[in-house]
Amino acid sequence: MDKKVSGTVEMTAAMIISGTIGWFVVVSGQPVLDVVFWRCVFGAATLLAVCAAMGLLRGAITLRLLALAALGGVAIVINWLLLFISYSHASISISTAVYNTQPFMLVGLGAVFFSERLTLNKLTWLAIAFGGMLLIVLAQPGAADGGSNYLAGILMALGAAFFYAVAAIITKKLAGTPPHLIALVQVCVGMLMLAPFAHLSALPSDIGTWSILVTVGVVHTGLMYILLYGAIQKLPTYLTGSLSFIYPIVAIAVDFLAFGHRLQLSQLAGAAAILIAAAGMNLGWSLWKPKVQMQ
């Protein structure tokens, strides 16, 4: 199979898997902290087997890698906790739309830590995304049909996006390190970080709940990481960025089909504005014509 075609298939599969995780988190009926803990446990087991099979455990681990990957792991775990908690307050659809402000968090952190230039184009996309955020925030909470504290859910999704961006910035420092190995360290850190707080004395007693938790760990973590990183290595950046928007579309569709959550017009417009702005930022779309140089 052609590299580009196989990469597209892998990226599409990874994004579809990511888009369904909200359903698994909600129907598990487990506290979010426990869901994330077991995600890390079963994800670590899967990634450990993959890293061992790929020979990534031999001589690849250094103290610097462990320290940076562990720091990124803390950020990733906080990101998962905040995002999953936000589902019960603002619905999967709204949380996912708000979570896609990640590119703008990255731009802000890049400007602060790497002195990356904020161009007029980036600022324009940021303004459009901010307008979308306002439309969502000002909507009637009841329209989200998703929980008791709509604004808290939005703030948690924003916090999740911020911590994802922090993890991405840290990962930048590990350029050249096998991504599967970084992911393994991150989920192992998450497992150790959450073990003291997980309800290990009151484990689920039914096979259905365990099936969901294993799926979240093996499929939504281990397999998803393998597919995602495999695709990134094969695809050009513009195609990776384009296909990444399958994730929020699937999440919104799942929220509607599984839970009947309908977005009202202002929320739909706000979500569309955020996703279009994020696409424009990721894919380098230009809203402003470059100035013509006089000869």
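Me: Contact means that heavy atoms lie within 4.5 Å of each other; with which residues is Ile76 in contact, leaving aside its neighbours within four places in sequence?

Reply: This is a predicted model, in which local features need pLDDT of at least 70 and side-chain atom pairs count only at pLDDT 80 or more, while totals for chains, interfaces and linings use all residues. Residues are numbered from 1 along each chain as its sequence is written, and side-chain values use heavy atoms, with hydrogens and water left out. With those neighbours set aside, Ile76 is in contact with Tyr164, Ala167 and Gln186.

Me: Where is the place of Ile76, and why is Ile76 called buried?

Reply: Ile76 has its place in helix α3, and a helix here is a DSSP run of H or I with at least four residues (a strand is a run of E with at least two), numbered from the N terminus. Buried means under 20% relative accessible area, exposed means over 50%, and partly exposed is in between, with a 1.4 Å probe and protein chains only. The relative accessible area of Ile76 is 8%, and since the limit is 20%, Ile76 is called buried.

Me: What makes Tyr99 and Tyr164 an aromatic pair, and what kind of pair is it?

Reply: The structure holds 9 aromatic pairs. Tyr99 and Tyr164 form one of them, with 6.2 Å from centre to centre and 70° between the planes. Rings of Phe, Tyr and Trp (its six-membered ring) pair if their centres lie within 6.5 Å, and planes under 30 degrees apart count as stacked, over 60 as edge-to-face and the rest as tilted, so this pair is edge-to-face. The pair links distant parts of the chain, with Tyr99 in helix α3 and Tyr164 in helix α7 (residues 150–172), 65 residues apart. Burial is a separate matter: at a relative accessible area of 6% Tyr99 is buried, whereas Tyr164, at 34%, is partly exposed. Elsewhere, ring pairs link Phe37, Trp38, Phe42 and Trp210 into a cluster.

Me: Which residues have the most contacts inside the largest nonpolar core?

Reply: A nonpolar core is a set of buried Ala, Val, Leu, Ile, Met, Phe, Trp, Tyr and Cys residues joined through side-chain atoms within 4.5 Å. The largest one has 60 residues, and those with the most contacts inside it are Met11, Val36, Trp80, Leu83, Phe84 and Tyr87. Helix α3 gives the most to this core, with 13 residues. Apart from it lies another core, of 13 residues, among them Ile136, Ala139, Ile154 and Leu263.

Me: What makes the link between the side chains of Ser86 and Ser95 a polar contact?

Reply: The two side chains come to 2.9 Å, and a polar contact is a pair of N or O atoms within 3.5 Å; within protein, one must be able to donate a hydrogen and the other to accept it, and residues adjacent in sequence count only if both atoms are side-chain atoms. As 2.9 Å is within 3.5 Å, the link counts as a polar contact. Ser86 lies in helix α3 (residues 63–99), and it counts as buried because its relative accessibility is 0%. Ser91, also at 0%, counts as buried too, and it has a positive phi of about 75° although it is not a glycine.

Me: Why is His180 called buried, and which residues does His180 touch, not counting those up to four places away in sequence?

Reply: His180, in helix α8, is at 6% relative accessibility and therefore counts as buried. His180 touches Leu47, Val50, Cys51, Met54, Leu56, Ile226 and Tyr229.

Key:
Contact = heavy atoms within 4.5 Å.
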